Amino acid sequence: MSATPLRNKPILLALVLITLFGAFLRVNAALHTVVEYPLRADAGGYFSYAYNLRHFGVYSRDRLFASEEKVKPRPDAMGSPGYPIALLPFAGEKPNLKTILDITLMQALLGTLMIPLTFLLGRALLPAAWALLPALLVAISPQLIIAGTFVLSETLFSFLLLAALVALVLQYRKPERWAHAIASGALLGMAALTRPTLQYFLPCVLLVLIPMLPKELRWRQGISLCVGFAMIFVPWLLRNQWTLGMASDPTLAISTILHGHYPDFMYRNMPESLGYPYRFDPRAQEISANMATLLRELFARFTEDPATYLRWYVFGKPIAFFSWSDAAAAGDIFTYPTMTSPYYDKSIFIFTKEFMRVSHWIWVAAALLGIFALLFSRDAHILNRRGRFAGLLLSVVVLYFVAVHVVGFPIARYNIPVLPIIYLLSAYLFFLLVDYFFFVPRRMAAH
């Protein structure tokens, strides 16, 4: 599989049309979606960080944008700064409808750029025509589109993750250029600053990348990758240590583990607690006082009912993570209550959403089988070394996200950044099947 240049005019034209279609869906969604109280909960927290940083020079979650009080915000480190930094251009004044629209249009642009990024990753793994399939699925994915209409970090994080993966493939392709490694590490650092779940991913990348590089370049590439990551991520840790006396705030990690440990997202199988079981647990505040207290309580609850917790952690959590929608959302693919949306009444939106909903588990199952094929199947020999690296890298991303969310809170909203990778790996499996059933017999007959 040689790297076909984009001078292949039919492929390039198809990619342009797919990208324009994806842009059409995203811009229309941004223009015609009205979220009820768009700066609620996490969204309000993100905007508060941006507002306070711009107006007071203090990184704080205090909701002063919604208050007339003239007080200085208190610094904290509960939320990562990547997304609030992206919101800084929009935090000059008290937020209004135009503010929300500007943010969602910015996210529509990032979502559109994810389409050619997906194609570029696909070209490392698939023939050019096959790489159009995951690009098309990203273009029409309702989860990816609707994520851009909320003031939440999913779109920015998804874009940075894809950009980092493309940079890593380029780094592997030209390992003699250390600048590629610096850029790859920096993009990984930006993604980790946007969503802290990625901060432990760098060792996984090194385990895949280093053994596949020429021996004489391994140390230089590994160190350059780490330097690029540290340039972006370490200043955040130093700020926390200097300002708060600790490198990171464990509150978010404790909350994530606590919220995710309730089987089936319910407290003692109470239907009214679905999605928010911690609100019904009278001991939630007590057991989340610190990580040691939480882990002791989780161990006690596990030993009290091991069958239930084993089922939840081994099967329930991965299934919940890959699900179409989650119990903690407002309904279907909408994270927050949404008053108007093209997905309610526009035929093209309804059709694409229904197609993706019906086929959702097909793509997920195919991707997981694609990972199995890459790791264990002899059919993976049809990939060149660059394709092999890209396939292993994408597989590690999916397995890493599953592992992190099995430990934490596995709501379906958190699978959004992984969806482009799911589509890439599922396209790879279908490519393998077509090659095996249609082309292998012909090649054997020719001999």
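Predicted model: local features only at pLDDT ≥ 70, side-chain atom pairs only at ≥ 80, totals over all residues.
Start with helix α4. The helix covers residues 97-125. It has 29 residues and reaches 42 Å from its first C-alpha to its last. That is close to the 42 Å expected at 1.5 Å a residue. Look next at where the helix begins. At the start of α4, a side-chain oxygen of N96 comes to within 3.0 Å of the backbone nitrogen of K98.

Stay in α4 and find T104. Is T104 buried or exposed? Its relative accessible area is 4%, under the 20% cut-off, so T104 is buried. The side chain of T104 has a polar atom 2.9 Å from the backbone oxygen of L101. An α-helix has 3.6 residues a turn, so residues three or four places apart point the same way. Leave aside residues up to four places away in sequence, and T104 touches A30, G148 and T149.

Helix α7 comes next. This helix spans residues 154-173. It has 20 residues and reaches 29 Å from first C-alpha to last, close to the 28 Å expected at 1.5 Å a residue. How many residues of α7 are buried? The count is 18 of the 20, so α7 is largely enclosed by the rest of the structure. R173 lies in this helix. R173 is partly exposed, because its relative accessible area of 46% falls between the 20% and 50% cut-offs. From R173, look across to G370. The two residues are 197 residues apart along the chain, and their C-alpha atoms are separated by 22 Å.

Now turn to the charged pairs. A search of the whole structure finds 14 salt bridges. One of them joins D42 and R61, with the closest N and O atoms 3.6 Å apart. This pair links distant parts of the chain, 19 residues apart. D42 sits in helix α2 (residues 41-56), while R61 sits in the loop between α2 and α3 (82-87). D42 has 32% relative accessibility and counts as partly exposed. R61, at 29%, also counts as partly exposed.

For E154, look back to α7, which runs over residues 154-173.

A second bridge joins the side chains of D62 and R74, at 3.1 Å from N to O. Both residues lie in the loop between α2 and α3, 12 residues apart, and the pair links distant parts of the chain. Their surroundings can be read from their accessibility. D62 has a relative accessible area of 18%, under the 20% cut-off, so D62 is buried. R74 has 60% relative accessibility, over the 50% cut-off, so R74 is exposed.

Finish with D345 and K346. These two form a salt bridge, and their closest N and O atoms are 3.5 Å apart. Are they buried or exposed? D345 has 53% relative accessibility, over the 50% cut-off, and therefore counts as exposed. K346 has 42% and therefore counts as partly exposed.

Conventions:
Residues numbered from 1 in each chain as written. Heavy atoms only, no water. Helix = DSSP H or I, 4+ residues; strand = E, 2+ residues; numbered from the N terminus. Buried < 20%, exposed > 50% of the residue type's maximum accessible area, 1.4 Å probe, protein only. Polar contact = N/O pair within 3.5 Å; in protein donor to acceptor, adjacent residues only side chain to side chain. Contact = heavy atoms within 4.5 Å. Salt bridge = Lys/Arg side-chain N within 4 Å of Asp/Glu carboxyl O. Expected span 1.5 Å × (residues − 1).
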